[in-house]
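Student: I would like to go through this model with you. Could we take a loop, a disulfide and the core in turn?

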Amino acid sequence: MKLKLTALVLALGTTAVFAGPTCNVPQEKWMKEADFKAQIEKQGYQIKTFKVSKGKCYEIYGFDKDGKKVEIYFDPATGTEIERK
């Protein structure tokens, strides 16, 4: 029983670590993906992976203008940065 409880605590703790932010924006208000990507690239980012996160935010993996790896979550309506990892 003690082993099962420990495994459950570890599993729940691991999930929380990898969770990103949540964006509560109706999808009809989202910026078009192509427009968003163009805006980000204009700021000097190189996008390797673009996706919509589980929390319904735009998420990119890539490099900033200095060549450093980034993982950034953005508000899909405004393109405002919400969280950077």
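Student: Where is Ser53 found?
Tutor: Ser53 lies in the loop between β1 (46-52) and β2 (58-63); strands (E, at least two residues) and helices (H or I, at least four) are DSSP runs numbered from the N terminus. The model is predicted, so local features need pLDDT of at least 70 and side-chain atom pairs pLDDT 80 or more, whereas totals for chains, interfaces and linings use all residues. Residues are numbered from 1 along each chain as its sequence is written, and side-chain values use heavy atoms, without hydrogens and water.

Student: Is Ser53 buried or exposed?
Tutor: Ser53 is buried, at a relative accessible area of 7%; buried means under 20%, exposed over 50%, and partly exposed in between (1.4 Å probe, protein chains only).

Student: Which cysteines does the disulfide join?
Tutor: Cys23 is joined to Cys57, S to S 2.0 Å, the criterion being sulfur atoms of a cysteine pair within 2.5 Å. Cys23 sits in the loop between α1 (2-18) and α2 (33-42), and Cys57 in the loop between β1 and β2, 34 residues apart. Both cysteines are buried.

Student: Why is the disulfide right-handed?
Tutor: Because the torsion about the S-S bond of Cys23 and Cys57 is about 105°.

Student: Turning to the largest nonpolar core, how many residues has it?
Tutor: It has 13 residues, and Phe36, Ile40, Ile60 and Phe74 have the most contacts inside it. Such a core is a set of buried Ala, Val, Leu, Ile, Met, Phe, Trp, Tyr and Cys residues joined through side-chain atoms within 4.5 Å.

Student: Which element gives the most to this core?
Tutor: β3 does, with three residues.
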